[in-house]
Amino acid sequence: MTRYVGIDPSTKTGLVILDKHGELIDAVEITAEGKDPSRMIDIIEQVMSSIEDNDFVTIEGFGFASQSGFLLGGIGWGIRMDLYSRRISYDEVAPNALKKFAGAKGNVKKDELAVHIYKRWGFEHASDNVRDAYVLAQIARTVREAKRGYYDGLTAYQKDVVDVILTPPVKKPRKKRGA
């Protein structure tokens with residue numbers, strides 16, 4: 001069964017699963033109690049218990065301006081390492097690309113993004129993490145369709161996001177100082 005999964009890794013991780021038609025299977029915010037690293041492991045295990053081997057997964061990239069970067073990095077890398085160890089490939093989407101795909105600007109506030117998500121897909125949820133995961137699941141679905149040659153119905157900015165995932169820009173090596 002084809003499923004599309006969006007993951008917004010955080011201390012309140014958003015997880016959304018869509019079926020092959022883009023219909024909602026599950027939308028949940030995953031949290032855990034206790035002290036770290038036990039709490040982090042619990043969140044990672046809860047996420048991974050929802051993932052099936054044939055899922056198409058998209059995960060939100062790291063937000064480098066975050067005040068809790070080390071904690072979120074631990075959860076994010078934990079999920080990525082588990083996906084890797086299970087040989088489940090995933091696409092990573094920058095936070096501003098997620099917003100762009102939903103029809104907003106990169107600096108849009110979370111409540112404004114909720115309006116864009118509702119207008120585009122009719123999806124509502126109290127958690128901004130779950131809303132982000134929903135957009136990520138839609139991106140996973142769209143990328144899979146684009147790989148099969150279907151770009152129908154995409155806006156120009158959605159196509160831009162998909163194209164960056166399918167053909168990432170080549171990073172130029174940084175020049176050494178004094179060289």
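Pro37 lies in the loop between β3 and α1; helices (H or I, at least four residues) and strands (E, at least two) are DSSP runs, numbered from the N terminus. The model is predicted, with local features needing pLDDT of at least 70 and side-chain atom pairs counting only at pLDDT 80 or more, while totals for chains, interfaces and linings use all residues. Residues are numbered from 1 along each chain as its sequence is written, and side-chain values use heavy atoms, with hydrogens and water left out.

**Loops and backbone**

- The peptide bond between Asp36 and Pro37 is cis, with omega at about 15°.
- Arg87 sits in the loop between α2 (69-85) and β5.
- The phi of Arg87 is positive, near 60°, although Arg87 is not a glycine.
- Most residues other than glycine have a negative phi, and most peptide bonds are trans.

**The sheet**

- An open sheet is built from five strands in the order β3-β2-β1-β4-β5, with mixed pairing; two strands pair if DSSP finds at least two bridges between them.
- β3 (24-30) and β5 are the edge strands, each pairing on one side only.
- On average, neighbouring strands of this sheet are turned by 15° against each other, direction ignored; axes are lines fitted to C-alpha atoms, for helices over the stretch in contact, and angles run from 0 to 180 degrees between N-to-C directions.
- Six bridges pair β2 with β3 in the antiparallel sense, and Val16 has Ala27 of β3 as its bridge partner.
- A hairpin is formed by β2 and β3, with four residues between them. Gly22, in the turn of this hairpin, has a positive phi of about 85°.
- β4 (residues 56-60) and β5 run parallel and are joined by four bridges. Glu60 has Val93 of β5 as its bridge partner.

**Helices**

- Helix α1 (residues 38-49) lies across β1 (3-8), β2 (13-19) and β3, and runs at about 175° to β3.
- The axes of α3 and α6 cross at roughly 145° and come within 8 Å.
- On the α3 side, the contact (heavy atoms within 4.5 Å) is made by Ala97, Lys100 and Phe101. On the α6 side, Tyr157, Gln158, Asp160, Val161 and Val162 take part.
- The contact of α3 with α6 has five nonpolar, one polar and two charged residues; Ala, Val, Leu, Ile, Met, Phe, Trp, Tyr, Cys and Pro count as nonpolar, Asp, Glu, Lys and Arg as charged, and the others, Gly among them, as polar.

**The second largest pocket**

- The second largest pocket has a volume of about 390 Å³; on a 1 Å grid over the protein atoms alone, a pocket is an open set of points where a 1.4 Å probe fits, with protein on both sides within 12 Å along at least five of seven lines. Grid points are joined across faces, edges and corners, and a volume is the space filled by probe spheres set on the points.
- The second largest pocket is lined by 14 residues (an atom within 4 Å of a point), of which Glu92, Ala94, Ala97, Val164 and Pro169 are the closest to its centre.
- At least two lining residues come from each of β5 (90-93), α3 (95-102) and α6 (156-166).
- With four residues, α6 gives the most to this lining.
- By class, the lining of the second largest pocket has eight nonpolar, two polar and four charged residues.
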